[in-house]
2 protein chains.
Amino acid sequence: MKLKDLGEFNLIRQIASDLPSLKEGIVGIGDDCAVIPKSGSDEAWLISTDMLVEGVHFLTSKMSPVQLGAKVLIVNLSDIAAMGGSPRFCFLSMALPSDLEVSWIEDFFKGFRNICSLYDVLLLGGDTTHSLNGITLSVTIIGDAKITDIKKRSTAMPGDLIAVTATLGDSAAGLECLLKKNPSFDYLLNQHLAPKPYLAEGRFLAKEQSVHSMMDVSDGLASDLLRITESSNCKARIDLEKIPLSRELILFSEKEKVDPIEYAVCGGEDYCLIFTFEKRQLAELIASYSEKFRKPFYVIGEVLASDPTDTTMSRLKILYAEHGRVVSGERTEKFRGYDHFAKN
Amino acid sequence: MKLKDLGEFNLIRQIASDLPSLKEGIVGIGDDCAVIPKSGSDEAWLISTDMLVEGVHFLTSKMSPVQLGAKVLIVNLSDIAAMGGSPRFCFLSMALPSDLEVSWIEDFFKGFRNICSLYDVLLLGGDTTHSLNGITLSVTIIGDAKITDIKKRSTAMPGDLIAVTATLGDSAAGLECLLKKNPSFDYLLNQHLAPKPYLAEGRFLAKEQSVHSMMDVSDGLASDLLRITESSNCKARIDLEKIPLSRELILFSEKEKVDPIEYAVCGGEDYCLIFTFEKRQLAELIASYSEKFRKPFYVIGEVLASDPTDTTMSRLKILYAEHGRVVSGERTEKFRGYDHFAKN
């Protein structure tokens with residue numbers, strides 16, 4: 001069997017299933033970050049690592065080195081935000097073609113250092129090596145958080161509301177504008193090229209006991225919510241009409257004659273937060289959140305109890321509804337998440 | 001200017017020079033590991049990361065996936081050994097072609113897990129992603145050590161003796177056997193395919209106050225000793241006749257009509273330790289080391305004071321001598337270390 005037939009979810013599941021069990025509060029594979037408690041403290045280290053490959057995650061022809069240097073760190077900061085932590089240290093490894101211009105690398109570091117100083121992260125090391133084909137980047141980020149604040153994927157509860165901290169689908173539409181050399185949608189382009197990590201929002205939500213689970217939206221709502229439902233052993237309903245869409249995504253969709261909801265559900269790289277929380281705390285939570293951040297979060301659905309007799313495929317763990325009626329057929333067939341090794 | 005004209009040393013120097021200064025005992029770029037003190041403890045975390053690229057660091061046609069899975073972790077364990085620490089946790093990121101056989105990945109993990117359980121290291125996370133060209137692997141390793149035990153590259157002292165924990169050049173000769181399909185030198189092949197990390201030796205030497213500096217030999221004696229001399233602001237003399245050579249390397253060199261010293265000085269991937277220590281402690285140190293490990297270490301030279309008026313190129317920071325006479329000219333011209341971005 002080839003990797004593309006197995007898929008990324010199953011590969012990770014297989015890797016994780018063979019590992020020894022962990023102890024002393026350590027959390028391993030399966031969340032945005034690993035968690036290592038600091039001894040003699042009520043805090044823990046949060047550690048995550050992401051690899052970005054030229055031609056897969058970025059095109060140097062479509063993105064300046066300054067933008068890439070910033071983004072490679074931001075996607076990692078987003079993992080710290082997803083657990084409710086604060087970033088502290090990072091490590092950067094790069095495989096670089098030897099005919100790369102030094103000025104490109106200098107600009108890349110300009111972008112990387114900007115984000116380091118903006119979010120108070122120290123670059124402590126890494127590796128530089130030769131590549132035969134294109135650029136590969138790998139960042140390891142280390143942050144920390146109070147242990148009782150840390151929000152996981154695996155603790156969603158049936159009855160929880162599901163919310164996101166920003167409009168969805170903008171980055172995916174921005175990517176399409178970039179690839180089609182469509183410069184009319186600056187906002188969308190910018191959401192793709194220069195996402196922001198929701199660190200302050202993550203820390204705020206982490207302090208709220210009513211928030212049960214949290215992660216960042218990196219592979220797209222469909223994929224990422226599936227990870228929450230699978231690890232929390234539950235199902236979820238998304239109310240499509242409640243998904244927040246930017247004015248720019250709607251204009252883009254009208255012009256391009258595409259379904260904006262498809263971008264919002266399937267598109268990746270939003271890097272906002274998705275979280276679930278106690279329904280009865282809605283009014284209080286949205287009031288305090290809106291007061292602090294001068295913008296709301298968006299409730300898009302509900303966590304459902306899983307049916308133990310249900311043996312359907314895992315992607316049916318998410319129901320899509322529109323104005324109270326379940327949507328099925330061709331439209332939701334498209335609502336699959338991103339698989340790095342997918343056949344198509 | 002292209003990266004190949006700048007070189008790896010200068011690239012890292014340039015990256016490091018622009019970073020904010022560190023505080024509270026944190027050590028960043030420039031040693032085998034970064035060091036982060038554990039608060040309220042006399043210990044520190046040691047963190048290192050290495051990237052391995054197919055076609056540059058390994059060939060899947062020449063190495064079984066089990067061997068590769070083991071080696072990618074061992075080269076990282078070697079960085080922990082180099083600082084005198086014990087490994088605790090690791091993270092593995094992989095960019096994989098989608099037509100890779102799943103059985104290959106399973107075997108790779110067999111090798112990786114074997115080393116995890118042999119050295120009591122927990123795999124806590126990583127990233128899996130698609131690659132367009134070949135396999136790229138990145139491991140981040142986290143270990144720890146007592147702060148007062150940690151040995152750095154930057155603390156060699158003039159007058160120190162320089163020693164290594166094993167014969168040099170075997171891995172480089174093994175690589176050549178592998179590439180030339182020469183199966184006659186099992187031992188050399190094995191040194192290349194299955195190096196061992198000198199963790200116990202590193203911890204032993206870390207406890208010795210007479211040991212002033214230490215690192216692992218990964219890019220070759222010439223390159224790695226240059227790092228010690230540069231960061232300790234000193235020079236060094238290597239006594240070529242004292243470099244330990246394996247019986248197998250000598251046989252190989254006779255058969256292939258090559259200079260074994262060139263393999264020992266320039267060849268990389270030995271993954272033994274190089275350290276400097278107080279000359280007057282030699283007898284005591286070698287006695288206690290030999291008693292513990294049932295093998296000696298090998299003194300190969302001496303740390304020299306740097307001459308402040310000397311403005312020669314940095315590679316002249318290492319003098320090569322043979323039976324007391326400095327060797328120069330064509331032979332030592334070859335004694336350059338490995339540069340990942342070198343022109344040739």
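This is a predicted model: local features need pLDDT of at least 70, side-chain atom pairs count only at pLDDT 80 or more; totals for chains, interfaces and linings use all residues.
Local features need pLDDT of at least 70 and side-chain atom pairs count only at pLDDT 80 or more, while totals for chains, interfaces and linings use all residues; side-chain values use heavy atoms, without hydrogens and water. Residues are numbered from 1 along each chain as its sequence is written, and chains are lettered from A in the order in which they are written.

E201(B) lies in helix 7 (residues 199-206) of chain B. Helices (H or I, at least four residues) and strands (E, at least two) are DSSP runs, numbered from the N terminus. With 4% relative accessibility, E201(B) is buried; buried means under 20% relative accessible area, exposed over 50%, and partly exposed in between (1.4 Å probe, protein chains only). Leaving out residues up to four places away in sequence, E201(B) touches K196(B), L273(B), Y289(B), F293(B) and K295(B), where contact means heavy atoms within 4.5 Å.

Chain B also holds an open sheet of 7 strands with mixed pairing, in the order 7-9-6-10-8-11-12. Two strands pair if DSSP finds at least two bridges between them. Strand 7 (211-216) and strand 12 (325-327) of chain B are the edge strands, each pairing on one side only. Within the sheet, strand 6 (residues 161-164) and strand 10 (residues 298-305) of chain B pair in the antiparallel sense over 4 bridges, and L161(B) has E302(B) in strand 10 of chain B as its bridge partner.

The cysteines form 0 disulfides over all chains, a disulfide being a pair of cysteine sulfur atoms within 2.5 Å. C177(A) is in no disulfide, and its nearest cysteine sulfur, that of C266(A), is 17 Å away. C90(B) is in no disulfide either; the nearest cysteine sulfur, that of C116(B), is 4.2 Å away. C90(B) is buried, at 0% relative accessibility.

Finally, the two chains. A rotation of 180° with 0.0 Å of shift along its axis superposes chain B on chain A, with RMSD 0.0 Å, by least squares on the C-alpha atoms of residues with pLDDT of at least 70 in both. That is the relation of a two-fold axis.
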